[in-house]
Amino acid sequence: MSSYSIKELLKKQPVGENVEVNGWVKTFRSNRFIALNDGSTIHNLQCVVDFENFDEDLLKQVSTGAALKVTGTLVESQGRGQNIEIQATDVFVHGAADPETYPIQPKKHSLEFLREKAHLRVRTNTFSAVMRVRSTLAFAIHNYFQQNGFYYMHAPIVTGSDAEGAGEMFRVSTLDPKSPTLNANNEVDYTEDFFGKETNLTVSGQLEAETYAMGLGKVYTFGPTFRAENSNTSRHLAEFWMVEPEVAFNDLDANMDLAEDFIKSIAQYVLDHCEDDLQFLEKRLLDEEKTKPQNERSDMSLIEKLKFVVDNNFKRVSYTEAIDILKNSKPNKKKKFQFLINEWGADLQSEHERFLVEKHFKCPVILFDYPANIKAFYMRLNEDGKTVRAMDVLFPGIGEIAGGSQREERLEVLQQKIKDLDIDEKELWWYLDLRRFGTAVHSGFGLGFERMVQFATGMGNIRDVIPYPRTPQNAEF
Ligand code: 4AD
Ligand code: MG
């Protein structure tokens, strides 16, 4: 007998065949119809069971959440909503799920409630769809880079360099927290720690990826990154996944081209491979938006938004142009922005980014050439001496989805920058070596993977696109 996943069965529709299917009960009605789902697809398989023919005990064990193996004949369905169904000849209960205590009942649960049941929420339509899209996106990312001559580089998770994220890192230590060894200055003596120095979880694989780009040419990292920033927003996690391509000999223009082509390509991949899940998520989003005031509703559906990104050029705008637009914008003049834009040099907040993308340009935007003093030390200084070759990719509904730059490849300029910022040059000896030996123009960027999943699924809160979100005060599971 053939054992199929429900996805395969629905595709093949081998009517008349005897088949065996495993899955979990979604709904059970009229003591006869079981909607079974095995996670392979958003669609359920209807199983018709004549319980009179079975042991009485069986009926008691079939309820939402129970794991079953159903054996039977595949027939054309008489009912609406599906083409085929199983006429069951045997039902085996792997495990029942007591309806008194099983929390995922066939009704609408709030996303907040489901966050507390994160170990079970993947059994709902919404989360199974989101997680299938997430998986497909991850594959699309590898696919894109592997097909375009990039090598996958594994940046270290534990790092001894804290160059980028000063103050926002999670310490990694095996010292006794109650009585760590102290040095002569009464400070914790990290020479006694596991690695003989202070170490942290990485905030970005970039600096290490740069070293590999300067040997392998085109590399990308794709791994977890960690930030101890206390930001409780719908777009921040303390543990998130980042995709960081780094390319030798690419300047900022080439970097923007790469970012745009890459993001379009993975969006297209999801459109091509997740049709059923996207249709489900689109409908979910529409229902959710109905509860919002008219002016907060999106004028495009989820699939339209994805297609829009694929089909339209990202608008490239310099920081200086953006400041002019923002200074003269209605919300700035009417003092509607929380942070008013008065002068060149202001750091852009997400309200400004979203105004540019959602109200002004109405398309994805790449902002570039930011003031040097609001960006990281490694970005290449422009000839004007005050801006750097930075770029941020801004998306509707999301804000910043990716950020990157052309890197400073000139040793003296980089050393001066490090000095100005009071960073210890000794910490970065290996990074500076890249500028000593065979230095070259190079660029890269980081895409926030969860923000991309948010965009592709229409989920408003980043906690709902990662299996187990890590946020301040929250590390259950
Ligand atoms: O802009 P960021 O901080 O850039 C870097 O870390 C560079 N080293 C990247 C590079 O040039 N290789 O982070 C990159 C992206 C952001 O645009 C955002 O999408 C995402 O990572 N991100 C977060 N996503 C979720 N939670 C957070 N706390 C995030 N912080 C950044
Ligand atoms: Mg950034």
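A polar contact is a pair of N or O atoms within 3.5 Å, where within protein one atom must be able to donate a hydrogen and the other to accept it, and where residues adjacent in sequence count only if both atoms are side-chain atoms. The structure is a predicted model, in which local features need pLDDT of at least 70 and side-chain atom pairs count only at pLDDT 80 or more, while totals for chains, interfaces and linings use all residues. Residues are numbered from 1 along each chain as its sequence is written, chains are lettered from A and ligands numbered from 1 in the order in which they are written, and side-chain values use heavy atoms, with hydrogens and water left out.

**Domains**

- The domain assignment, which is automatic or from a database, gives domain 1 as 2–104 and domain 2 as 123–168 + 203–464.
- The C-alpha centres of the two domains are 44 Å apart, and 10 residues of domain 1 are in contact (heavy atoms within 4.5 Å) with 9 residues of domain 2.

**Surroundings of ligand 1**

- Ligand 1 is surrounded by 24 residues, the closest being Gln206, Arg227, Glu244, Glu400 and Ile401; a residue is near a molecule or strand if one of its heavy atoms lies within 4 Å of it.
- This shell divides into 8 nonpolar, 8 polar and 8 charged residues, where Ala, Val, Leu, Ile, Met, Phe, Trp, Tyr, Cys and Pro count as nonpolar, Asp, Glu, Lys and Arg as charged, and the others, Gly among them, as polar.
- Strands S12 (239–248), S16 (399–406) and S17 (442–448) each supply at least two residues of the shell, and S16 gives the largest share, 5 residues; strands (E, at least two residues) and helices (H or I, at least four) are DSSP runs, numbered from the N terminus.
- A nitrogen atom of ligand 1 is 2.9 Å from a polar backbone atom of leucine 237, while an oxygen atom of ligand 1 is 3.5 Å from a polar backbone atom of alanine 402.
- Taken alone, ligand 1 exposes 620 Å², of which the protein buries 92%, the areas coming from the Shrake-Rupley method with a 1.4 Å probe and, for residues, only the protein chains shown counting as cover.

- Glutamate 244 lies in strand S12 and is buried, with a relative accessible area of 5%; buried means under 20%, exposed over 50% and partly exposed in between, with a 1.4 Å probe and protein chains only.
- Leaving aside neighbours within four places in sequence, glutamate 244 is in contact with residues including Gln206, Thr221 and Phe445.
- Glutamate 244 and alanine 209 are 35 residues apart in sequence, and their C-alpha atoms are 7.8 Å apart in space.
- Threonine 221, in strand S11 (residues 218–226), counts as buried because its relative accessibility is 4%, and among the residues that it touches, not counting those up to four places away in sequence, are Tyr152, Ala209 and Glu244.

**Positive phi in two loops**

- Lysine 362 sits in the loop between helix H11 (350–361) and strand S14 (365–371), has a positive phi near 55° although it is not a glycine, and is exposed at 53% relative accessible area.
- Aspartate 422, in the loop between helix H12 (411–420) and helix H13 (429–436), is likewise a residue other than glycine with a positive phi, of about 65°, and counts as exposed at 73% relative accessibility.
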